[in-house]
Amino acid sequence: MTAHHHDPEHYDDAFDDESFDGDFDDAYAAETDGEATYDGDQLDLAARNSLRRVAGMSTELADITEVEYRKLLLERVVLVAVWTSGSQVDVDNSLAELKQLAETAGSQVLEGLVQRRSKPDPATYIGSGKVDELREVVVATGADTVICDGELAPAQLRNLEDRVKVKVVDRTALILDIFAQHAKSVEGKAQVELAQLNYLKQRLRGWGGNLSRQAGGRAAAGAGIGGRGPGETKLETDRRRIHHRIAQLRSKLREMDTTREAKRAERQRHRIPSIAIVGYTNAGKSSILNRLTGAGVLVEDALFATLDPTTRRTQTDDGRIYTLTDTVGFVRHLPHDLVEAFASTLEESVAADLLVHVVDGSDPDPLGQIAAVRTVLNDIGAGNRAEQLVINKADLASPENLQLLHTHAPEAIVVSARTGAGIEELKRVIDSRLPHPEVEVRALVPYSRGDLLDQVHRSGEFLTTEHTADGTRIVARVHPELAVEFAAYAEDPVS
């Protein structure tokens with residue numbers, strides 16, 4: 001059946017940068033060795049690859065001076081993890097993911113160390129003997145940074161850095177750094193800066209007497225001019241300024257959230273079903289969006305390539321319009337500050353009629369990915385939404401992985417966004433799982449009221465249509481608001 005396309009100008013206001021070119025076939029015309037490899041117009045990919053900056057946590061404010069901020073110039077790194085639970089495979093997968101994160105941030109990973117302990121050392125994260133071994137590895141490899149697979153307390157960070165003599169970064173700071181590199185929109189940058197400042201305010205550190213504005217020594221006892229007040233240390237001043245900046249960012253994000261909520265309310269008013277594509281980072285969510293809509297969203301084989309949510313509208317084979325939103329990817333132990341900062345963005349998942357949960361079928365631990373994503377969904381209040389599991393990267397997945405996932409989730413659909421395999425089945429399942437209008441109408445609609453039929457195309461379902469001399473006789477399912485419009489043309493009472 002040919003899809004119907006109707007696009008009055010007043011309708012476009014309901015969408016945030018949403019477009020639909022309407023022709024799926026053109027989008028997938030590119031063929032290489034019999035495999036469709038189209039992923040939309042990758043406008044941002046060349047720009048991103050042309051300049052791989054080794055970015056820092058760019059949270060210094062212009063008027064804060066003299067404090068040594070923890071710039072993340074990640075170049076040659078050693079990874080460190082504490083194995084507290086799980087199997088050897090689990091800790092290997094965790095360290096492999098940390099390596100991927102470090103490389104995404106622009107680092108060269110030289111070595112990885114794991115210590116088995118019941119819990120991390122409260123002073124130095126790893127035990128004292130392991131710290132000495134870590135120092136030897138750092139010296140031998142010439143590393144300039146140590147990355148720990150966990151969130152370190154400020155004291156652990158300081159103690160470990162003092163012992164190892166190079167910069168120490170934890171997993172949270174690493175993820176924040178990647179977010180800072182990839183955020184493009186005003187909202188994305190504000191969200192990342194908010195998360196960075198929340199993380200940084202407890203970890204400000206400076207060296208030298210110039211950091212203190214309090215009198216010390218004999219002057220502190222009132223023995224010198226200028227020693228008659230407590231004053232304020234430079235770190236306290238910086239912390240106060242950071243708190244002020246955090247308040248500014250929260251206010252700014254609240255304003256943006258109001259705009260987002262207005263657009264969402266407009267979509268709901270038009271009764272447009274919404275689908276959110278969720279999943280682990282680098283599972284292929286953006287590729288799925290491009291396959292379904294031809295959106296041309298940036299696709300890159302890197303963690304957290306997508307930070308700014310993209311909403312596109314498309315339609316079912318029978319012409320019903322719905323929206324698809326590509327959301328930020330999740331990861332194990334996603335920093336709480338990030339979840340809080342990205343709350344407004346993640347709300348797209350909470351408000352969705354259906355979650356398309358994309359899983360990387362080629363990952364060594366796909367079930368771990370599913371569990372991590374569902375943990376975050378529960379945290380943001382989207383744990384009870386309808387979900388359709390989609391196993392992506394089928395062309396790279398091992399038969400063992402696919403069998404494991406099929407056993408765990410027999411209802412899952414297996415696809416490959418790269419080759420296009422399984423995409424048509426996914427479209428059919430999405431069509432069938434979209435919410436259906438609840439009221440059935442039987443009406444003879446005069447040809448002068450084509451606008452009513454147009455609205456049925458957009459938000460309802462035709463069960464039967466028949467063209468007669470007096471108009472179009474229809475049986476259709478529509479929403480209650482639209483059913484009222486058909487009352488004047490009803491052949492039978494509206495049920």
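Which helix holds Ser286? Select helix α10, residues 285–293, and Ser286 is there. This is a predicted model, so treat each stop as a feature of a prediction.

**Stop 1**

UniProt, in an unreviewed entry, gives the feature "binding site" at Ser286 and Thr306. Is Ser286 buried or exposed? Its relative accessibility is 9%, so Ser286 counts as buried.

Now step back to Asn282. This residue sits in the loop that runs between β7 (274–279) and α10. Check its backbone: phi is positive, about 65 degrees, although Asn282 is not a glycine. Most residues other than glycine have a negative phi. Asn282 counts as buried because its relative accessibility is 16%, under the 20% cut-off.

**Stop 2: the whole chain**

Zoom out. The protein chain has 17 helices and 15 strands. Of its 495 residues, 51% are buried. The chain exposes about 22700 Å², and carbon and sulfur atoms supply 50% of that area. Among contacts with a separation of 6 or more, 73% join residues 24 or more positions apart.

**Stop 3: the nonpolar cores**

Select Leu134 and Val146. In the largest nonpolar core, which has 71 residues, these two touch the most other members. Domain 1 (76–180) and domain 2 (272–433) each give this core at least three residues. A second, separate core has 20 residues, including Leu289, Leu292, Val358 and Ile430.

Return to Leu134 and show what surrounds it. Which residues does Leu134 touch, not counting those up to four places away in sequence? They are Val78, Val80, Leu113, Ile126, Val146 and Val164.

**Stop 4: helix α4**

Select residues 88–104, helix α4. How far apart are its end C-alpha atoms? They are 24 Å apart, which agrees with the 24 Å that 17 residues should span at 1.5 Å a residue.

Color the buried residues of α4: Val91, Asn93, Leu95, Glu97, Leu98, Leu101, Ala102 and Thr104. In an α-helix, residues three or four places apart point the same way, because there are 3.6 residues a turn. Next, show what covers the buried residues of α4. The cover includes β3 (76–83), β4 (108–116), β5 (145–148) and α7 (171–182). Just past the helix, look at Gly106, where phi is positive at about 100 degrees.

**Stop 5: Lys165**

Move to the loop between α6 (154–164) and β6 (167–170), and pick Lys165. Its phi is positive, about 75 degrees, and Lys165 is not a glycine. Is Lys165 buried or exposed? Its relative accessible area is 59%, so Lys165 is exposed.

**Stop 6: Asn198**

Select helix α8, residues 186–200, and find Asn198. With a relative accessible area of 10%, Asn198 is buried. Show its contacts. Not counting residues up to four places away in sequence, Asn198 touches Ile246, Arg250, Asp337 and Glu340. Then draw a distance to His243, 45 residues away along the chain. The C-alpha atoms of Asn198 and His243 are separated by 8.6 Å.

**Stop 7: helix α16**

Finish at α16, residues 450–459. How many of its 10 residues are buried? Seven are, so α16 is largely enclosed by the rest of the structure. Select them by name: Leu452, Leu453, Asp454, Val456, His457, Arg458 and Ser459.

How values were computed: Residues numbered from 1 in each chain as written. Predicted model: local features only at pLDDT ≥ 70, side-chain atom pairs only at ≥ 80, totals over all residues. Heavy atoms only, no water. Buried < 20%, exposed > 50% of the residue type's maximum accessible area, 1.4 Å probe, protein only. Helix = DSSP H or I, 4+ residues; strand = E, 2+ residues; numbered from the N terminus. Core = buried A, V, L, I, M, F, W, Y, C linked by side-chain atoms within 4.5 Å. Domains from an automatic or database assignment. Contact = heavy atoms within 4.5 Å. Areas by Shrake-Rupley, 256 points an atom, 1.4 Å probe, with all protein chains shown as cover. UniProt positions renumbered as here; feature names shortened; annotations may be inferred. Expected span 1.5 Å × (residues − 1).
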